[in-house]
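Dear colleague,

I am passing on the structure below for you to look over. My notes on it come after.

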Amino acid sequence: MRHLGLTLAAAAIAATTLAGCTKTSSPASTEAAATTTSPATMSDADKAKALAALPAPYKTADLANGESKFALCSTCHTLAEGAPNMTGPNLHGVFGRKAGAVAGFSYSDPLKATGWTWDAARIDTWIADPKVAVPGTKMTFAGLKDPKDRTDVIAYLMIGTGFKP
Ligand code: HEC
């Protein structure tokens, strides 16, 4: 884990250096976000800090379990800012965003028609059983039946997608 912390520090330095030059800083900030918001590459200390900043009950979630459950999602979803859509849309910034709003992703009509804004409670219901939550959805995922697994994966999503409490 220690070398990952160093990688992050190096990325932060690179981002600072790039931001200081006169060129547009947006590619640099995208790169930095892609590196720094992935819990998979954070040091244990940074993970603990990020977790403690979340609202209850997510602040006491088991992030390691959330990470291992997110493996079920990561075949279809990326989390980092600017990362590509795959079978599912990129989830960066999903908390507080309207359902079906990622540009360039072809959503099902039923999901777009929900009019939902994603928050933790909505996502909890959604990932428990997507086809029950939104009949006709394109998300072919059987669902996470254990509420604790959902809480853990939502905590992981919050940290990985740049959720702001
Ligand atoms: C087999 C691929 C697949 C898997 C696995 C999958 N998803 Fe999805 N996901 C999709 C697709 C496709 C959509 C778009 C659904 C639609 O348009 O009806 C979607 C939509 C979503 C959305 C709504 C995004 C938006 O912009 O409105 C969220 C949130 C989400 N998924 C979270 C998850 C989580 C969390 C997991 C794991 C627990 C997961 N997904 C597993 C394919 C998948």
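Predicted model: local features only at pLDDT ≥ 70, side-chain atom pairs only at ≥ 80, totals over all residues.

Residues are numbered from 1 along each chain as its sequence is written.

The ligand is surrounded by 28 residues, the closest being Cys73, Cys76, Gly88, Tyr107 and Ser108 (a residue is near a molecule if its C-beta atom, placed from the backbone, lies within 6 Å of it). Two or more residues of this shell come from each of helix 6 (120-128) and helix 8 (147-160), where helices are DSSP runs of H or I with at least four residues, numbered from the N terminus. By residue class, the shell holds 19 nonpolar, eight polar and one charged, with Ala, Val, Leu, Ile, Met, Phe, Trp, Tyr, Cys and Pro counted as nonpolar, Asp, Glu, Lys and Arg as charged, and the others, Gly among them, as polar.

Helix 6 and helix 8 also pack against each other, at an angle of about 125° and with their axes 10 Å apart; the axes are lines fitted to C-alpha atoms over the stretch in contact, and angles run from 0 to 180 degrees between N-to-C directions. That angle makes helix 6 oblique to helix 8, since angles under 35 degrees count as roughly parallel, over 145 as roughly antiparallel, 65 to 115 as roughly perpendicular and the rest as oblique. Ala120, Ile123, Asp124, Ile127 and Ala128 of helix 6 make the contact with Arg150, Val153 and Ile154 of helix 8 (C-beta atoms, placed from the backbone, within 7 Å), and these residues divide into six nonpolar, no polar and two charged.

Trp126, which lies in helix 6, is buried, as 22 other C-beta atoms lie within 10 Å; the term requires 20 or more such atoms, again placed from the backbone, with 12 or fewer for exposed and partly exposed in between.

Ala61 sits in the loop between helix 3 (44-52) and helix 4 (63-70), and is buried, with 23 other C-beta atoms within 10 Å. Leaving aside neighbours within four places in sequence, Ala61 is in contact with Leu51, Gly66, Thr151, Asp152 and Ala155. Pro57 lies in the loop between helix 3 and helix 4 as well, and the peptide bond to Pro57 from Ala56 is cis, with omega near 0°.

Methods
Contact = placed C-beta atoms within 7 Å.
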